[in-house]
Amino acid sequence: MSNMVGDFGTTGNVSRLSLLATFSIATGNAPPLTRARDLPGFGGSTSFVHRSTSPIPSSGRPSIVPRVGLFIPCYIDQMYPDVGFATVEVLERLGVTVEFPEAQTCCGQPMANTGCTEAAAPLARRFVEIFEPYDAVVCPSGSCVAMVRAHYHEYFHHDPRYDALRPKVFELCEYLVDVLKVDKLPVRFPHKVGLHQSCHGLRELRLGSSSETIVAPFNKAKQLLELIDGLELVDPARPDECCGFGGTFAVSEEAVSCLMGHDRIADHLQAGAEVMTATDMSCLMHLDGLIRRDKQPLRCMHIAELLAGRPV
Amino acid sequence: MTGHPTRAAEFIALPQRAAWHDQSLWFVRAKRDKAAKAIPEWESLRDAAAAIKAHTVANLADYLEEFERNAKKLGAVVHWARDAAEHNAIVLKILSDHNVKRVVKSKSMLTEECHLNPHLEAAGIEVVDTDLGERIVQLANERPSHIVLPCIHKKKEEIGELFHEHLGTDAGASDPQYLTEAARGHLRDRFLKAGAGLTGVNFAIAETGGFVVCTNEGNADLGVSLPPIHIACMGIEKLIPKAAELGVFLRLLARSATGQAITTYSSHFHGPRAGCELHIVLVDNGRSTVLGQDDFRRSLNCIRCGACMNTCPVYRRSGGHSYNATVPGPIGSILEPARDPAKHASLPHACSLCGSCSDVCPVKINIHEQLLIWRRELVKKGLLPLTKRWAMSIGSAVLQRPWLYQMVGGMGRMALKLLPRFLVYSRLNPWGKQRELPTPPKQSFRDQFKARHGK
């Protein structure tokens, strides 16, 4: 669980090269193909070249670029399309062309978290089949990525196809920080922002250090937010307490779930937040539902929307 | 689902109490953070503790026999109990053989697990819990709501009333020092009259045959120093191989439990006092079954510090009694279903899977992952309500067919837009009781993406 980010060492040669290529695009260095050719031992692999025309490319860029598959969680697809577009915009501005494989639906987390593994298994298999052609898969949800990276083992006991895909699936912030090494963002957001630390991103993907562990503090989402001009981060008293969404928990334990949410909102309000952001829209869907019902002066925006420069 | 959600909702129905309970335990969690941060090698200590426990559990039979040999050499009598019934029978027989009528007991979650008190009381023996919190819940005829802070659910005013009724303190008095002094006087009398002292065991050491009991009140020491018989009851997982390893656990235990550097008393027992008897009861009660399960073996690492309860956002807001279990909270939600899955089927779901318990655990039990595995076990045992199973099967069938998923998604968004509010926010929609649903967009992401990118 703790070593996922450091898993590059276990990926195949090809994907390491393609990540390097992605990196050089992002940093505006020489064209990736030239760089790749310069590398010793780089043979005839075409795996990071566009091979298929079936998925939809998001722009008409030249054909030789790493293939980045966009994984849009089902509820974002259906209810929050702009979070998907914000993700696309952030990536495109950094020179990454994304494809959206249309066969994708859901990673199977709702079923798996209820214990219904038989219902989750076919969705897990579909996910691997759909995304295995890509050099990287990027998703604006820590929770869905955690499902794939931390909980798919059960469905793929040492299946090389899954083992090859697993380290290539990234949550948006970690892709921006770890792979693209983003160090500036030309966007402005002159507001006080509270970062809600979505649990699966924090404690399963280790997008940041959790308050329980005694390690040198780090936080990838915060690192990106700090690049936004005018954005002022506020500090809630409890830095990373759960919002109470928890999938079906939100409904089956309605009373506890809503109390947890109310407490998070109160904490961010007392810290002076005007906007609450998170790496997971599911947390924000729950919190926003409470905020709107109670008519609280707080807006919820996904971190992709802030990174893309969306106004409040 | 009934069970935990219903009892949790009852606890939350008094919002001030739930908020106070949450804040009291968060305060303990914050103290733990401060204490842990003062130890730069904290994470290495956790790794070491987990490794020692893993090694011990992998060689448990050998270490148990080594412990028995060495404890006997020191003059202790060692008993083996397969289950709670055998444990209770052994304790009762020791007491009957010595014609003991009054027993003082320091805190032991194992004797709670075995329901020892009612068993002894039925045989006419008076059992007095001497840990202050335990005594309070005993007088209130309740079970502990927390394994380290047994009466954390009670306010001092309620304790004042209870003491007024049972100990004759002044009506309306709720000053903690006054109440504690009253309890002290009351307990001192029981200590002096007791024929035997019962304790739990925090750590037993195979190489020495000795064991350690950690308390803050010194009640265990008094309870076993006055009467001529000491009975120590321990789960077989309490063992560690060497005395040198004790430091790892003592450094972790109190810091994780309450944020103290160490408990006030860490008492080491090596055989009986001169002229007295020491009995050690080794209890399995399901532990060897867990030992055989790859998915759950690590739960035997537990040193009962209670840190997972203090950090659990659900426990803090629903109270220990909502778990209706000997051990509540995250670790209890693993241990209790192992004993009675049907009775405790709601516990693995009383969790938002936030993972805070796994990160706080001093012996690195993957608690939230085990809770998730328990949910799978419940489905296998047919203990997930059928409505949920069907919903998940139907959901999966839809999500395996992109065209159907798109159609259902579109219909759902349309319905949300067109249906009158009273239908959407009916009593059948628990989401909408305190929350708004999201405002549905006209088109899904994929529809718009297709339109924008010309395919």
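How closely do the axes of helix 6 of chain A and helix 19 of chain B come, and at what angle do they cross? In this predicted model, in which local features need pLDDT of at least 70, side-chain atom pairs count only at pLDDT 80 or more, and totals for chains, interfaces and linings use all residues, the axes of helix 6 (residues 117–131) of chain A and helix 19 (residues 386–399) of chain B come within 9 Å and cross at roughly 15°. Helix 6 of chain A is therefore roughly parallel to helix 19 of chain B (angles under 35 degrees count as roughly parallel). Helix 6 of chain A contributes A:Ala119, A:Pro122 and A:Leu123 to the contact, while helix 19 of chain B contributes B:Met392, B:Ser393, B:Gly395, B:Ser396 and B:Leu399 (residues are in contact if their C-beta atoms, placed from the backbone, lie within 7 Å). By class, five of these residues are nonpolar, three are polar and none is charged.

Across the contact between the two chains, 62 residues come from chain B and 57 residues from chain A. On the side of chain B that touches chain A, helix 19 of chain B gives the most, with seven residues, and this side comprises 30 nonpolar, 16 polar and 16 charged residues.

Regarding confidence, chain B averages a pLDDT of 96, with 99% of the residues scoring at least 70 (pLDDT is the predictor's confidence in each residue, from 0 to 100), and the complex is given an ipTM of 0.96 and a pTM of 0.91 by the predictor. Residues are numbered from 1 along each chain as its sequence is written, and chains are lettered from A in the order in which they are written.

How values were computed. Axes are lines fitted to C-alpha atoms, for helices over the stretch in contact, and angles run from 0 to 180 degrees between N-to-C directions. Helices (H or I, at least four residues) and strands (E, at least two) are DSSP runs, numbered from the N terminus. Angles under 35 degrees count as roughly parallel, over 145 as roughly antiparallel, 65 to 115 as roughly perpendicular and the rest as oblique. Ala, Val, Leu, Ile, Met, Phe, Trp, Tyr, Cys and Pro count as nonpolar, Asp, Glu, Lys and Arg as charged, and the others, Gly among them, as polar.
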